[in-house]
Amino acid sequence: MIVDCDPGHDDAMALVVAARHADVLGVTTVAGNAPLHSTTRNARIVLDLIGSKIPVHSGASRPLVAPPHDASHVHGKSGLDGADLPEPSRGPESENAIAFIIETCRANEGVWLVPIGPLTNIALALRAAPDLGSRIAGISLMGGGTFGNVTAAAEFNVWADPEAADIVFRYGGKLMMSGLDVTHQLQATPSRLARIREIPGQLPKVLADLLAFYSKSYINSHRDMTGAAVHDPCAVLALTHPHLFSISPEHVALESHGEHTRGMTLIDRRQYSKPVAPNCDVVWGVDDEPAFDVLIEAIQFFA
Ligand code: BDR
Ligand code: CA
(Lines give C-alpha, C1' and ligand atoms only; values in the text may rest on other atoms or scores of the structure.)
(Ligands and ions follow the chains in the order given, each with its own letter.)
Protein backbone atom coordinates (compact mmCIF):
# COMPACT_ATOMS: atom_id res chain seq x y z
CA MET A 1 0.00 0.00 0.00
CA ILE A 2 0.86 3.68 -0.22
CA VAL A 3 -0.29 5.69 2.80
CA ASP A 4 -1.23 9.25 1.86
CA CYS A 5 -1.39 11.27 5.07
CA ASP A 6 -1.37 14.59 6.92
CA PRO A 7 0.05 13.69 10.37
CA GLY A 8 -1.87 14.35 12.60
CA HIS A 9 -2.10 12.29 15.80
CA ASP A 10 -4.33 9.56 14.38
CA ASP A 11 -2.27 9.53 11.17
CA ALA A 12 0.75 8.71 13.34
CA MET A 13 -1.08 5.68 14.75
CA ALA A 14 -2.08 4.65 11.22
CA LEU A 15 1.56 4.77 10.08
CA VAL A 16 2.62 2.56 12.99
CA VAL A 17 -0.03 -0.07 12.31
CA ALA A 18 0.52 0.05 8.52
CA ALA A 19 4.28 -0.47 8.97
CA ARG A 20 3.52 -3.44 11.24
CA HIS A 21 0.91 -5.22 9.10
CA ALA A 22 1.31 -4.11 5.49
CA ASP A 23 3.97 -3.79 2.82
CA VAL A 24 4.16 0.01 2.73
CA LEU A 25 5.81 1.05 -0.54
CA GLY A 26 5.81 4.71 0.37
CA VAL A 27 4.29 7.46 2.44
CA THR A 28 3.01 10.56 0.67
CA THR A 29 2.05 13.74 2.47
CA VAL A 30 -0.56 16.39 1.85
CA ALA A 31 -1.61 19.65 3.48
CA GLY A 32 -4.50 19.06 5.87
CA ASN A 33 -4.26 18.96 9.64
CA ALA A 34 -1.29 21.33 9.26
CA PRO A 35 0.56 22.96 6.35
CA LEU A 36 2.50 20.62 4.05
CA HIS A 37 5.95 21.31 5.52
CA SER A 38 4.63 20.30 8.96
CA THR A 39 2.78 17.16 7.84
CA THR A 40 5.88 16.06 5.87
CA ARG A 41 8.16 16.69 8.84
CA ASN A 42 5.76 14.83 11.14
CA ALA A 43 5.60 11.79 8.85
CA ARG A 44 9.41 11.60 8.85
CA ILE A 45 9.53 11.86 12.65
CA VAL A 46 6.98 9.08 13.13
CA LEU A 47 8.84 6.78 10.72
CA ASP A 48 12.12 7.54 12.53
CA LEU A 49 10.51 6.60 15.84
CA ILE A 50 9.68 3.13 14.50
CA GLY A 51 13.08 2.78 12.78
CA SER A 52 11.48 2.72 9.33
CA LYS A 53 13.19 3.72 6.09
CA ILE A 54 9.92 3.84 4.10
CA PRO A 55 10.36 6.66 1.55
CA VAL A 56 8.41 9.88 2.14
CA HIS A 57 7.30 12.07 -0.77
CA SER A 58 5.57 15.38 -0.18
CA GLY A 59 2.64 16.37 -2.37
CA ALA A 60 -0.03 19.03 -2.63
CA SER A 61 0.36 22.12 -0.48
CA ARG A 62 -3.26 23.22 -0.98
CA PRO A 63 -6.64 21.85 -2.09
CA LEU A 64 -7.69 21.82 -5.77
CA VAL A 65 -10.26 24.63 -5.44
CA ALA A 66 -11.18 25.21 -1.80
CA PRO A 67 -9.20 27.70 0.27
CA PRO A 68 -6.68 25.99 2.56
CA HIS A 69 -7.81 25.29 6.15
CA ASP A 70 -5.90 23.35 8.79
CA ALA A 71 -7.15 21.51 11.90
CA SER A 72 -4.86 23.18 14.44
CA HIS A 73 -7.79 23.41 16.89
CA VAL A 74 -7.54 19.62 17.23
CA HIS A 75 -3.93 18.74 16.36
CA GLY A 76 -2.14 21.93 17.50
CA LYS A 77 -0.10 24.31 15.39
CA SER A 78 2.56 21.73 14.44
CA GLY A 79 -0.09 19.13 13.51
CA LEU A 80 1.48 16.89 16.16
CA ASP A 81 1.41 18.92 19.38
CA GLY A 82 1.61 17.38 22.84
CA ALA A 83 4.88 15.41 22.92
CA ASP A 84 8.62 16.01 22.88
CA LEU A 85 9.49 15.04 19.34
CA PRO A 86 12.98 14.41 17.99
CA GLU A 87 14.26 16.24 14.90
CA PRO A 88 13.69 14.17 11.76
CA SER A 89 16.82 12.35 10.58
CA ARG A 90 16.16 12.92 6.88
CA GLY A 91 14.29 15.04 4.38
CA PRO A 92 11.62 13.79 2.00
CA GLU A 93 12.84 11.64 -0.93
CA SER A 94 11.06 14.01 -3.29
CA GLU A 95 8.51 16.79 -3.41
CA ASN A 96 6.54 15.02 -6.11
CA ALA A 97 4.15 12.65 -4.41
CA ILE A 98 1.93 12.55 -7.49
CA ALA A 99 4.75 11.19 -9.71
CA PHE A 100 5.69 8.72 -6.96
CA ILE A 101 2.12 7.42 -6.72
CA ILE A 102 1.80 7.05 -10.50
CA GLU A 103 5.19 5.38 -11.00
CA THR A 104 4.75 3.02 -8.06
CA CYS A 105 1.26 1.95 -9.13
CA ARG A 106 2.49 1.35 -12.69
CA ALA A 107 5.51 -0.66 -11.53
CA ASN A 108 3.52 -2.79 -9.03
CA GLU A 109 0.15 -4.30 -9.92
CA GLY A 110 -2.46 -4.28 -7.20
CA VAL A 111 -1.33 -1.47 -4.90
CA TRP A 112 -3.84 -0.17 -2.34
CA LEU A 113 -3.94 3.60 -1.92
CA VAL A 114 -4.78 4.53 1.65
CA PRO A 115 -5.57 8.25 1.91
CA ILE A 116 -6.08 9.45 5.48
CA GLY A 117 -5.98 13.19 4.80
CA PRO A 118 -7.63 15.46 2.22
CA LEU A 119 -7.84 13.66 -1.13
CA THR A 120 -5.84 16.18 -3.18
CA ASN A 121 -2.83 13.96 -4.03
CA ILE A 122 -5.00 10.99 -4.99
CA ALA A 123 -7.25 13.10 -7.23
CA LEU A 124 -4.25 14.69 -8.94
CA ALA A 125 -2.70 11.25 -9.56
CA LEU A 126 -5.96 9.82 -10.95
CA ARG A 127 -6.38 12.85 -13.20
CA ALA A 128 -2.79 12.81 -14.48
CA ALA A 129 -2.79 9.03 -15.06
CA PRO A 130 -6.24 7.71 -16.03
CA ASP A 131 -4.79 4.16 -16.31
CA LEU A 132 -4.21 4.15 -12.53
CA GLY A 133 -7.85 3.40 -11.76
CA SER A 134 -7.63 -0.05 -13.34
CA ARG A 135 -4.10 -0.82 -12.10
CA ILE A 136 -4.57 -0.33 -8.38
CA ALA A 137 -6.25 -2.84 -6.05
CA GLY A 138 -8.38 -0.03 -4.68
CA ILE A 139 -8.60 3.00 -2.45
CA SER A 140 -9.31 2.64 1.28
CA LEU A 141 -9.90 6.10 2.67
CA MET A 142 -10.67 7.69 6.01
CA GLY A 143 -13.31 10.33 5.47
CA GLY A 144 -17.00 11.09 5.24
CA GLY A 145 -19.80 9.22 6.99
CA THR A 146 -23.42 9.98 7.83
CA PHE A 147 -22.52 12.97 10.00
CA GLY A 148 -19.82 15.60 10.01
CA ASN A 149 -17.21 17.04 12.35
CA VAL A 150 -16.45 20.36 10.65
CA THR A 151 -20.08 21.04 9.79
CA ALA A 152 -23.18 18.99 10.61
CA ALA A 153 -22.79 17.32 7.22
CA ALA A 154 -19.08 17.27 6.42
CA GLU A 155 -16.10 15.39 7.80
CA PHE A 156 -12.71 17.19 7.72
CA ASN A 157 -10.82 15.19 5.03
CA VAL A 158 -13.71 15.48 2.56
CA TRP A 159 -14.67 19.03 3.57
CA ALA A 160 -11.05 20.23 3.15
CA ASP A 161 -11.03 19.32 -0.57
CA PRO A 162 -14.49 18.35 -1.85
CA GLU A 163 -13.51 18.65 -5.52
CA ALA A 164 -10.70 16.14 -5.00
CA ALA A 165 -13.06 13.84 -3.08
CA ASP A 166 -15.55 14.02 -5.95
CA ILE A 167 -12.88 12.73 -8.37
CA VAL A 168 -12.06 9.88 -5.99
CA PHE A 169 -15.71 8.85 -5.41
CA ARG A 170 -16.27 8.75 -9.18
CA TYR A 171 -13.03 6.99 -10.16
CA GLY A 172 -14.79 3.71 -10.90
CA GLY A 173 -12.58 1.17 -9.10
CA LYS A 174 -12.81 -0.46 -5.68
CA LEU A 175 -13.37 2.11 -2.96
CA MET A 176 -13.71 1.66 0.83
CA MET A 177 -14.84 4.47 3.08
CA SER A 178 -14.11 4.44 6.80
CA GLY A 179 -16.17 7.43 7.89
CA LEU A 180 -17.02 8.94 11.25
CA ASP A 181 -19.70 6.26 11.90
CA VAL A 182 -16.95 3.68 12.38
CA THR A 183 -14.03 5.84 13.50
CA HIS A 184 -15.93 7.31 16.47
CA GLN A 185 -16.20 3.74 17.79
CA LEU A 186 -12.40 3.48 18.12
CA GLN A 187 -11.59 5.83 21.00
CA ALA A 188 -8.37 6.44 22.92
CA THR A 189 -10.02 5.89 26.31
CA PRO A 190 -8.07 6.52 29.55
CA SER A 191 -7.61 2.77 30.16
CA ARG A 192 -6.23 2.27 26.64
CA LEU A 193 -3.87 5.22 27.09
CA ALA A 194 -2.70 3.68 30.38
CA ARG A 195 -1.92 0.42 28.55
CA ILE A 196 0.25 2.34 26.05
CA ARG A 197 2.01 4.18 28.90
CA GLU A 198 2.90 0.87 30.57
CA ILE A 199 5.02 -0.14 27.57
CA PRO A 200 8.64 0.95 28.13
CA GLY A 201 10.46 3.04 25.51
CA GLN A 202 10.38 6.36 23.63
CA LEU A 203 7.74 5.40 21.05
CA PRO A 204 5.02 4.42 23.55
CA LYS A 205 5.72 7.53 25.63
CA VAL A 206 5.50 9.82 22.60
CA LEU A 207 2.31 8.16 21.33
CA ALA A 208 0.67 8.21 24.78
CA ASP A 209 1.52 11.92 25.16
CA LEU A 210 0.20 12.62 21.65
CA LEU A 211 -3.04 10.72 22.22
CA ALA A 212 -3.56 12.42 25.59
CA PHE A 213 -3.22 15.85 23.94
CA TYR A 214 -5.46 14.82 21.04
CA SER A 215 -8.09 13.40 23.39
CA LYS A 216 -8.48 16.66 25.31
CA SER A 217 -10.26 18.46 22.50
CA TYR A 218 -12.62 15.51 21.90
CA ILE A 219 -13.53 15.09 25.57
CA ASN A 220 -14.06 18.84 25.97
CA SER A 221 -16.22 19.22 22.90
CA HIS A 222 -18.37 16.04 22.99
CA ARG A 223 -21.07 14.91 25.40
CA ASP A 224 -20.40 11.22 24.84
CA MET A 225 -16.67 10.66 24.27
CA THR A 226 -14.06 9.53 26.81
CA GLY A 227 -11.15 9.83 24.40
CA ALA A 228 -10.28 10.97 20.90
CA ALA A 229 -11.60 9.11 17.90
CA VAL A 230 -8.58 7.32 16.46
CA HIS A 231 -9.89 7.71 12.91
CA ASP A 232 -7.09 6.99 10.49
CA PRO A 233 -5.98 3.47 11.51
CA CYS A 234 -9.46 2.26 10.48
CA ALA A 235 -8.62 2.75 6.79
CA VAL A 236 -5.55 0.53 7.24
CA LEU A 237 -7.17 -2.05 9.53
CA ALA A 238 -10.19 -2.44 7.24
CA LEU A 239 -7.68 -3.95 4.77
CA THR A 240 -5.33 -5.79 7.12
CA HIS A 241 -7.96 -7.01 9.64
CA PRO A 242 -11.27 -6.97 7.71
CA HIS A 243 -12.88 -9.53 10.08
CA LEU A 244 -13.02 -6.80 12.75
CA PHE A 245 -15.31 -4.59 10.66
CA SER A 246 -18.86 -4.56 9.33
CA ILE A 247 -18.93 -3.36 5.74
CA SER A 248 -21.64 -3.04 3.08
CA PRO A 249 -21.63 -1.95 -0.56
CA GLU A 250 -23.52 1.33 -1.08
CA HIS A 251 -23.85 4.14 -3.57
CA VAL A 252 -22.10 7.24 -2.23
CA ALA A 253 -22.23 10.64 -3.92
CA LEU A 254 -20.14 13.63 -3.01
CA GLU A 255 -22.03 16.86 -2.33
CA SER A 256 -19.88 19.81 -3.33
CA HIS A 257 -22.39 22.64 -3.85
CA GLY A 258 -24.82 22.71 -0.94
CA GLU A 259 -24.94 25.76 1.29
CA HIS A 260 -25.09 23.53 4.39
CA THR A 261 -23.85 20.28 2.89
CA ARG A 262 -20.64 21.00 0.95
CA GLY A 263 -18.28 18.10 1.66
CA MET A 264 -21.02 15.66 2.64
CA THR A 265 -20.87 12.01 1.56
CA LEU A 266 -24.45 11.18 0.63
CA ILE A 267 -25.01 7.45 1.18
CA ASP A 268 -28.07 6.09 -0.64
CA ARG A 269 -29.92 4.11 2.04
CA ARG A 270 -33.17 3.62 0.10
CA GLN A 271 -34.10 -0.04 0.36
CA TYR A 272 -35.19 -0.36 -3.27
CA SER A 273 -35.35 -3.74 -4.98
CA LYS A 274 -33.33 -2.23 -7.82
CA PRO A 275 -30.80 -0.07 -5.93
CA VAL A 276 -28.44 2.40 -7.58
CA ALA A 277 -25.26 0.48 -8.40
CA PRO A 278 -22.88 0.61 -5.40
CA ASN A 279 -19.57 2.43 -5.89
CA CYS A 280 -18.22 2.16 -2.37
CA ASP A 281 -17.79 -0.33 0.46
CA VAL A 282 -18.94 1.65 3.47
CA VAL A 283 -17.30 0.62 6.75
CA TRP A 284 -19.95 0.95 9.46
CA GLY A 285 -18.72 -0.77 12.58
CA VAL A 286 -15.62 -2.05 14.32
CA ASP A 287 -15.02 -4.58 17.06
CA ASP A 288 -13.21 -1.86 18.97
CA GLU A 289 -11.50 -3.83 21.75
CA PRO A 290 -9.60 -6.26 19.49
CA ALA A 291 -8.95 -3.43 17.00
CA PHE A 292 -7.30 -1.34 19.72
CA ASP A 293 -5.34 -4.45 20.79
CA VAL A 294 -3.89 -4.52 17.26
CA LEU A 295 -2.75 -0.89 17.69
CA ILE A 296 -1.17 -1.64 21.06
CA GLU A 297 0.59 -4.73 19.75
CA ALA A 298 2.02 -2.66 16.87
CA ILE A 299 3.38 -0.11 19.34
CA GLN A 300 4.89 -2.94 21.43
CA PHE A 301 6.47 -4.41 18.30
CA PHE A 302 8.35 -1.20 17.46
CA ALA A 303 9.09 -0.13 21.07
C1 BDR B 1 -9.78 13.23 9.96
O2 BDR B 1 -9.37 14.60 10.04
C3 BDR B 1 -8.12 14.72 10.66
O4 BDR B 1 -8.15 15.67 11.65
C5 BDR B 1 -7.75 13.34 11.19
O6 BDR B 1 -6.37 13.11 11.03
C7 BDR B 1 -8.57 12.39 10.35
O8 BDR B 1 -7.88 12.00 9.18
C9 BDR B 1 -10.99 13.03 10.86
O10 BDR B 1 -12.04 13.85 10.46
CA1 CA C 1 -5.52 12.44 8.87
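## The ligand and its polar contacts

How far is an oxygen atom of ligand 1 from an N or O atom in the side chain of N157? In this predicted model, the distance from an oxygen atom of ligand 1 to an N or O atom in the N157 side chain is 3.0 Å. Taken alone, ligand 1 exposes 290 Å², and the protein buries 97% of that area.

An oxygen atom of ligand 1 lies 2.8 Å from an N or O atom in the side chain of H75, while for the side chain of E155 the corresponding separation from an oxygen atom of ligand 1 is 2.4 Å.

## The surroundings of the ligand

The space that ligand 1 takes up is the largest pocket, and the residues that surround ligand 1 include D10, D11, N33, I116, M142, F156 and H231. Sorted by class, the shell around ligand 1 contains 3 nonpolar, 5 polar and 4 charged residues. Two helices, α1 (9-21) and α7 (156-160), each supply at least two residues of this shell.

## Salt bridges

The count of salt bridges comes to 16. One of them is formed by D131 with R106, whose closest N and O atoms are 2.8 Å apart. Because D131 lies in the loop between α5 (120-128) and α6 (132-135), whereas R106 belongs to helix α4 (residues 97-107), this pair ties together parts that are 25 residues apart in sequence.

## A cis peptide bond

Most peptide bonds are trans. The peptide bond that runs from P7 to G8, however, is cis, with omega near -10°.

Key. Residues numbered from 1 in each chain as written. Chains lettered and ligands numbered in written order. Predicted model: local features only at pLDDT ≥ 70, side-chain atom pairs only at ≥ 80, totals over all residues. Heavy atoms only, no water. Near = heavy atom within 4 Å. Polar contact = N/O pair within 3.5 Å; in protein donor to acceptor, adjacent residues only side chain to side chain. Areas by Shrake-Rupley, 256 points an atom, 1.4 Å probe, with all protein chains shown as cover. 1 Å grid on protein atoms, 1.4 Å probe; cavity = no way out; pocket = protein on both sides within 12 Å on 5 of 7 lines; lining within 4 Å. Sits in = over half its atoms within 2 Å of the grid points. Helix = DSSP H or I, 4+ residues; strand = E, 2+ residues; numbered from the N terminus. Nonpolar A, V, L, I, M, F, W, Y, C, P; charged D, E, K, R; others polar. Salt bridge = Lys/Arg side-chain N within 4 Å of Asp/Glu carboxyl O.
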